[in-house]
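Let us read one structure together, feature by feature. Keep the view open as we talk.

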Amino acid sequence: MNEDVDCSILVPVYNEERYIEQSWAAMQGQRFEGRLEFLFVDGCSTDRTREILERLAADDDRIRVLDNPRRAVSSGLNVALANARGTWVARMDAHTAYPDDYIALGVQRLRQGGTRWVSGPQLPEGHGPVSRAVALALASPIGRGGSRKWGARGQRDEPEFELDTGIFCGVWSRSTLLEYGGWDERWPRNSDSEMAARFLERGERLICVPAMAAVYVPRDSLRGLWRQYRGYGQYRARTSQRHPDAMRASHLLAPAIVATAAASVVAPSPWRQLARLGFGAYTGALAVSGVRSLSQGSSAADAALVPIVLAIMHFGHGVGMIDGARLYGPPLAALARIAGRRDLAARLHPAPEPVHAPSLA
């Protein structure tokens, strides 16, 4: 290991020519007493991302550009981890703006002990009409879905708190990530949540430090938002099947909405009427969220989009979870645990499997 490197920053990228120079400019502003290296792992970009990275690396020897032939975020993170030389490791995404003391605060908290994974809240900030509506949706209770990782402006001085598998990026010691086997590459999405489940199963505490809040830009197209949330749902189902304790009761709301919508059309008459009442209440909740966004100072156009993006998020996640249960098997042990049948959950709990991380090897 190169003793000159104190912290390695892992940055998976793909077709980021519009943002990569801006992201690099922000990363350069990290205030950290130690030497940093930045490992940009390119997933076979088809635009000018690689060309730009090579030029940046020629001007700054802290940048290393690596290949990610498997192209997934999880494999890219493992490629970077395999090449990391720092004692500490931080994950950063190209579409996110991190505070200039993100790494310093994370390493400081790790040194205090009591945790081996430190992260900050995720602050959604829209730049286009759809992404602004998504940011507003994520500020509402029915948009957050019970997750504590979503932050709000002005919370920097609030006390730290613990997270479940809903987590965003983070800072670790390199030895900890190697001990846990890195990111499982069977999870091209939700890989942080899957790894968080492994941490929690061994009694780890996942600490969220509000001062480490990072600004995240949501998708700015309805089609992209649907694909994103459907993918989240698929791999949320897979995570719940592999790690039953990772499922919250709130994770069942999205597939329940999908099932209610379907029942309102195809169920026998008495059940169909009941489903229509339930679905009517849901659409009313969507409308209320839009009205609240308008009352909080957002434009009428952005507020009008809030119910639409909420529905896309819910239906995308719900359809994805149903599809994930079909592809990877239903999360029976997780459902039994949520139903209070811990004896049954213990019998249905799947056998442990090793982490699949060929890019780390």
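Q: Is Leu-274 buried or exposed?
A: Start with the cut-offs: buried means under 20% relative accessible area, exposed over 50%, partly exposed in between (1.4 Å probe, protein chains only). Leu-274 has 51% relative accessibility, so the residue counts as exposed. Keep in mind that this is a predicted model: local features need pLDDT of at least 70, side-chain atom pairs count only at pLDDT 80 or more, and totals for chains, interfaces and linings use all residues. Residues are numbered from 1 along each chain as its sequence is written, and side-chain values use heavy atoms, without hydrogens and water.

Q: In which helix does Leu-274 lie?
A: Helices are DSSP runs (H or I, at least four residues), as are strands (E, at least two), numbered from the N terminus. Leu-274 belongs to helix 11, residues 269-295.

Q: Which residues form a nonpolar patch on the surface?
A: Trp-271, Leu-274 and Leu-277 do, with about 400 Å² of accessible area together. Like charges are joined within 9 Å, nonpolar side chains (Val, Leu, Ile, Met, Phe, Trp, Tyr) within 5 Å. Areas come from the Shrake-Rupley method with a 1.4 Å probe; for residues, only the protein chains shown count as cover.

Q: What is the strand order in the open sheet of 3 strands?
A: Two strands pair if DSSP finds at least two bridges between them. Here the order is 5-11-7, with mixed pairing. Strand 5 (96-97) and strand 7 (122-124) are the edges. Thr-96 stands opposite Tyr-216 in strand 11.

Q: How many helices and strands does the protein have?
A: The protein has 14 helices and 11 strands.

Definitions and conventions: Patches are made of residues with over 30% relative accessible area and no salt bridge: like charges are joined within 9 Å, nonpolar side chains (Val, Leu, Ile, Met, Phe, Trp, Tyr) within 5 Å. A salt bridge is a side-chain nitrogen of Lys or Arg within 4 Å of a carboxyl oxygen of Asp or Glu.
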